[in-house]
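The model is predicted.

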Amino acid sequence: MLSNAEIGIDLGTANILVYSKNKGIIMNEPSVVALDVNTRKVLAVGTDAKNMIGKTPGNIVAVRPLKDGVIADFDVTTEMLKHIMAAISKKLGFSLRKPSVVVCTPSGATSVERRAIHDAVKSSGAKHVHLIEEPVAAAIGADLPVGEPVANVVVDIGGGTTEVAIISYGGVVSCSTIRVAGDKMDDDIIHYIRKSYNLLIGERTAERIKIEIGHAPIEHKTMEMDIRGRDLVTGLPKTIVLNSTEIQHAIQESLLSILEAIRATLENCPPELSGDIVDRGVVLTGGGALLNGVQQWLSEEIVVPVHLAPNPLESVAIGTGKSLTVIHKLQKAMK
Ligand SMILES: Nc1ncnc2c1ncn2[C@@H]1O[C@H](COP(=O)(O)OP(=O)(O)OP(=O)(O)O)[C@@H](O)[C@H]1O
């Protein structure tokens, strides 16, 4: 288990979660930072900063320093991590001095992108930084027997990336990462509403629409939702009524890309492990796994059982935190 000075961080595009020994998840905040553009001073981090998106005066911007699962703005990410470290020290009731940190990286990240994640965590005050691939962390967090020689298939649909991985005996046998996930669906919704209704909406509204009435491409009872935005013709605020069928069409292409990635990974699976997949199925994690109907749709498309992880939004963070012990055990087992 982790010692008190060891924490696991899921540095996600949409959310940052921190796991500590005994206490479990001790921090769960949106990966958003509010900055003063003139001084570059950080004004708020997390939920406070997210609430400012699209609502700030000219000298303040609310930015997301990670994009597609990797760091887009190194300095802002480091500042965000420093704030997070200070906040968790406060929460734990003792100063978290020079902790060892396990942090996840997308499996498709380049060595430069991995290095940037390592350095940002180190600059925020960590003594040792260990990197773990996100799907392996997700599988550990979903309590899959990653150390056994059986196929564990994880599909992690996050904000910036979807990762599909087949893990067996502690290692990734086959995997693919695509930069299509929850954020892309939000963009699809913004484009659809602009094109069909000449209405401009913000990304927070788009996310709300996706969560409330977004649906995987299967039959469902139609749901409706009132939406407010700015009319592009008159420039005035306007309300429209949207239904779930149109949102289903708007996000369909992104979902089909995710399905394609899953199929491609399963096709690369060694035949001995394919048998396991038929029996054991696939585990869905990440916030995107909570999209209405996605579990049923995927199981109909790939014709193997599809299970939802117990805490899809927290699996990666839990697995990241627990990974040190598992990694040590695996290394011992392989000696
Ligand atoms: N109930 C829901 N239905 C659909 N989507 C949801 C739901 N809840 C959260 N999401 C989406 O899940 C995404 C965030 O998931 P998660 O926190 O797993 O991503 P992340 O780890 O930050 O991103 P990444 O893994 O790409 O770095 C967001 O796009 C969010 O809109």
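## Ligand shell

The ligand is surrounded by 23 residues. Gly12, Gly158, Gly182, Gly287 and Leu290 are the closest. By class, twelve residues of the shell are polar, seven are nonpolar and four are charged.

H5 and H6 each give at least two residues to the shell around the ligand. H6 makes the largest contribution, with three residues.

## Helix H5

H5 covers residues 182-197, 16 residues in all. From first C-alpha to last, H5 reaches 22 Å. That is close to the 22 Å expected at 1.5 Å a residue. Gly182, one of the closest residues to the ligand, is also among the buried residues of H5.

Asparagine 198 follows H5, and its phi is positive, near 55°.

## Positive phi in loops

Most residues other than glycine have a negative phi. Tyrosine 169 has a positive one, near 50°. Tyrosine 169 sits in the loop between strand S12 (162-168) and strand S13 (171-178). Is tyrosine 169 exposed or partly exposed? Tyrosine 169 counts as partly exposed, because it has 16 C-beta neighbours inside 10 Å.

Valine 303 is not a glycine, yet its phi is positive, about 55°. The loop that holds valine 303 runs between helix H9 (294-302) and strand S18 (306-308). Valine 303 has 9 C-beta neighbours inside 10 Å, so it counts as exposed.

## Domains

The protein is divided into domain 1 (6-138 + 315-334), domain 2 (144-180 + 252-308) and domain 3 (187-246). The centres of domain 2 and domain 3, taken over C-alpha atoms, are 29 Å apart. Their contact takes nine residues from domain 2 and seven residues from domain 3.

Which helices supply at least two residues each to the side of domain 2 that touches domain 3? H7 and H9 do. The residues on that side of domain 2 are four nonpolar and five polar, with no charged residue.

## Overall fold

The protein has ten helices and 18 strands. Its C-alpha trace spans about 70 × 50 × 35 Å along the principal axes. What radius of gyration would a compact globule of 335 residues have? It would be near 20 Å, and the protein has 20 Å, so the two agree.

Of the 335 residues, 44% count as buried. Among contacts with a separation of 6 or more, 64% join residues 24 or more positions apart.

Technical notes: Residues numbered from 1 in each chain as written. Predicted model: local features only at pLDDT ≥ 70, side-chain atom pairs only at ≥ 80, totals over all residues. Helix = DSSP H or I, 4+ residues; strand = E, 2+ residues; numbered from the N terminus. Expected span 1.5 Å × (residues − 1). Buried ≥ 20, exposed ≤ 12 C-beta atoms within 10 Å, placed from the backbone. Near = placed C-beta within 6 Å. Nonpolar A, V, L, I, M, F, W, Y, C, P; charged D, E, K, R; others polar. Domains from an automatic or database assignment. Contact = placed C-beta atoms within 7 Å. Rg over C-alpha atoms; globule rule 2.2 N^0.38 Å.
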